[in-house]
Amino acid sequence: MNYSSLIIVLLILLGGGYLLGRNKARAIANQGMTLHSLPTHYGALVALWTGLPPLLLLIIWSLFEQQVVDHLLVAQLPQQIQAGSSADIQLAISKVHNLASGTGLSASPELQPAVKHLQALESRTSMLHTGLILALALLGLAVTWRRVQNTLRARSEVERMVRYMLFASSGIAVLTTLGILASVLYEAWMFFGKVSIIEFLFGTSWSPQIALRADQSGSSGSFGAVPLFVGTLLISMIAMFIAVPVGLMSAIYLSEYATSRIRSFAKPALEILAGIPTVVYGFFAALTVAPVIRGIGESWGLDVSSESALAAGLVMGIMIIPFVSSLSDDVINAVPQSLRDGSYGLGATRSETVRQVVIPAALPGIVGAVMLAVSRAIGETMIVAMAAGLAANLTFNPLDSVTTVTVQIVTLLVGDQEFDSPKTLAAFALGLVLFLVTLVLNFVALKIVQKYREQYD
Amino acid sequence: MSIIENHQTHGAPFSDSPKLTARNVGVYYGDKQAIFDVSLDIGANEVIALIGPSGCGKSTFLRCLNRMNDTIDICRVTGDIELDKENIYDPKMDVVPLRARVGMVFQKPNPFPKSIYDNIAYGPRIHGLAHSRVELDEIVEKSLQRAGLWSEVKDRLHAPGTGLSGGQQQRLCIARTIAVDPEVILMDEPCSALDPIATAKIEELIDELRENYTIAIVTHSMQQAARVSQRTAYFHLGQLIEVNPTDQVFTTPEHALTEAYITGRFG
Ligand SMILES: Nc1ncnc2c1ncn2[C@@H]1O[C@H](COP(=O)(O)OP(=O)(O)OP(=O)(O)O)[C@@H](O)[C@H]1O
Ligand SMILES: [Mg+2]
């Protein structure tokens, strides 16, 4: 049985288990006995025991099936392959898989025993698999249904199982993050085995070209990431230079000055900006803004490259405005009205109140919002890739083309790559830097925001 | 749709030496009328207590007297209110000096998230009352002394005002109001968030402040009205029912509604 029909059968069993459990509980209640829990709790309990164990088995099975099967296959391979390197064995195994499923290209008679074995194995395991899962489901249903009695504490048992399920889900989220971190750390460590960490962090020349053949000349590659850090910093600074004042002032306008009518359409309109895909911003930057900047620059006699940090930074700034404004708007609104009243009551004007009472009171929250926006800017890729170019120039001139950490990660990994070449591994080292920087920024921002919340709650 | 048709305020709503005079004041929140045709004088150097059941419009009326209602979009005020014979709703009237002359203390202490010193210095700074640091220091010290807070905070003037106790915070807010040297102080239930000891201190303070200021105080505590005020005004569903000397209101109320309220039959 294939997966989809198996899952449909399981769902039917689950629904049946629910109804059976609930009806049995109702029948008990109708005999005049008081139930410990509601009939629906009994139904849910039966359903959970019907569905969960097979689900677990399904997951474990699919995790380990491949390994077990391959292990069994190795024994069927010809002697000389078995004696060979692990890479050869891997290759032979995948050939066997292809032949068995009929997609293999080369007929390899020496692999035939293994192919036969695999086909036999697959038909047997598939039956075993289906049988085991259905048996487990039915067993769970039957046992739990029998346990349904007026004294069974179904509610607390269901609650407990729900808690475990929720715990498992959050566990998966945390473990995945840790897994990603571990893999990035490992690959970065491999990279630092080939390129010194000092050169990476402080080197000023970035040209990650690696010789494709050992005898190719003059292309050992250099991995000094400083131009990327500077490029990222430059573009983020330009973006924040736009986004912070504009975002903050529009937040102040919306929360302190605008009438509720204006507010009711200006706020959603601003938030639409946040919904535009970054790739759209990207070609807006590359095709509209960059040429305009170039034109203006040339009319002033300035030398502007057609892809400039300024174009990317400006557009990124526009993209981040709603981010800053809606977060700041929230913190400004959270400043208690009583503080404003106190200030007005002393004869302060609206702008005095905003400047001297509202903003200072909201400042920690605003700082938090800005920090989150910065980490957003640092992580942004698309706009920069399209509008600022790929040239790793070490420059602070916003009219030059620069590149950023994220863009380089993309270019390093696009196309066919060897997984252990420094060029590929460099992407992981850059990723690690990016991860650490945004982690620190987010952490600081959250701390600040939290501190602010405590002050007024 | 006032409750009592053709109602005339009972007692003596007018004063011989009025500081603030309100005539035929009506207040609307959108379409809803909250105050109906209220005429009342607040005499110079007197403490007048505004009492009445919750929602009867005490705060609304009080907030008319320094145009705090301007900060509420939907609020509209009709009638005349004069401060020293000057119409405060005149379009030529500037609310900034008005609110400096008619200060306000709120129900919940609302110190700014600044130091104690800066809380007091806030008003004088925005109105340019001090010409030097020394003068500002003097204003801060004098205001804190008047509010009876100086001895408690003189060693920590630069600590945050939000770190004080509730009662100290409220006295800080009173000191902050005094610092701009107002003529009238409006207080909206200034003690409702405080314990009896802090309340007693503030009541003592109000009694002392009466020498120099005119005070209107909203309160839910009839004992408090009796202790601090010379006259009491009773509001009911947006109408001013009765105004009389305080001891008379609490011993021999003129109007049946007033009597019902002070004997605790509603409110
Ligand atoms: N901002 C506002 N918008 C709309 N209606 C309001 C507003 N403020 C007050 N009101 C209404 O005006 C009426 C009087 O309210 P007000 O706050 O003046 O009563 P109060 O006598 O101070 O009551 P309390 O003793 O509970 O403070 C109430 O019916 C209230 O619902
Ligand atoms: Mg009130």
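Visitor: Which residues form a nonpolar patch on the surface?

Guide: A:Ile272, A:Ile276, A:Val279, A:Val280, A:Phe283, A:Phe284, A:Leu287, A:Ile318 and A:Met382 do. Patch residues have over 30% relative accessible area and no salt bridge; nonpolar side chains (Val, Leu, Ile, Met, Phe, Trp, Tyr) are joined within 5 Å, like charges within 9 Å.

Visitor: What kind of model is this?

Guide: This is a predicted model: local features need pLDDT of at least 70, side-chain atom pairs need 80 or more, and totals for chains, interfaces and linings use all residues. Residues are numbered from 1 along each chain as written, chains are lettered from A and ligands numbered from 1 in written order, and side-chain values use heavy atoms, without hydrogens or water.

Visitor: Back to the patch. Which helix gives the largest share?

Guide: Helix H10 of chain A, residues 278–299, with five residues. Helices (H or I, at least four residues) and strands (E, at least two) are DSSP runs numbered from the N terminus. A:Val279 is in helix H10.

Visitor: Which residues of chain B lose the most area?

Guide: B:Pro113, B:Tyr122 and B:Ile126. Together they make up 31% of what the chain B side buries.

Visitor: How many salt bridges cross the interface?

Guide: Zero, by the rule used here. That rule wants a side-chain nitrogen of Lys or Arg within 4 Å of a carboxyl oxygen of Asp or Glu. But four residue pairs are in polar contact between chain B and chain A, both residues at pLDDT 80 or more. A polar contact is a pair of N or O atoms within 3.5 Å; within protein, one must be able to donate a hydrogen and the other to accept it, and neighbours in sequence count only if both atoms are side-chain atoms.

Visitor: What does A:Ser343 touch?

Guide: A:Ser343 touches residues of both chains: A:Ala348, A:Thr353, A:Val357, B:Phe112 and B:Tyr122. Residues up to four places away in sequence are left out of that list. A:Ser343 lies in helix H12 of chain A, residues 337–345.

Visitor: Is A:Ser343 buried or exposed?

Guide: Buried, with a relative accessible area of 0%.

Visitor: And where is A:Ala188 found?

Guide: In helix H6 of chain A, residues 154–194. A:Ala188 is buried too, at 1% relative accessibility. It touches A:Phe428, A:Ala429 and A:Leu432, leaving out residues up to four places away in sequence. A:Ala188 and A:Pro422 are 234 residues apart in sequence, and their C-alpha atoms are 9.8 Å apart.

Visitor: How many salt bridges are there over all chains?

Guide: The structure holds 18. In one, A:Arg147 pairs with A:Glu157, with the closest N and O atoms 2.9 Å apart. A:Arg147 is in helix H5 (residues 112–147) and A:Glu157 in helix H6, so the pair ties together parts ten residues apart in sequence. A:Arg147 is partly exposed at 31%, and A:Glu157 is buried at 13%.

Visitor: Which residue does B:Glu152 meet in a salt bridge?

Guide: B:Arg171, at 3.0 Å from N to O. B:Glu152 is in helix H5 (residues 150–153) of chain B and B:Arg171 in helix H6, 19 residues apart. B:Glu152 is partly exposed at 30%, while B:Arg171 is buried at 6%.

Visitor: Which residues are linked in a network of salt bridges?

Guide: B:Lys19, B:Asp84, B:Glu86, B:Arg101 and B:Glu183.

Note on methods:
Areas by Shrake-Rupley, 256 points an atom, 1.4 Å probe, with all protein chains shown as cover. Buried area = accessible area lost by both parts, 1.4 Å probe. Buried < 20%, exposed > 50% of the residue type's maximum accessible area, 1.4 Å probe, protein only. Contact = heavy atoms within 4.5 Å.
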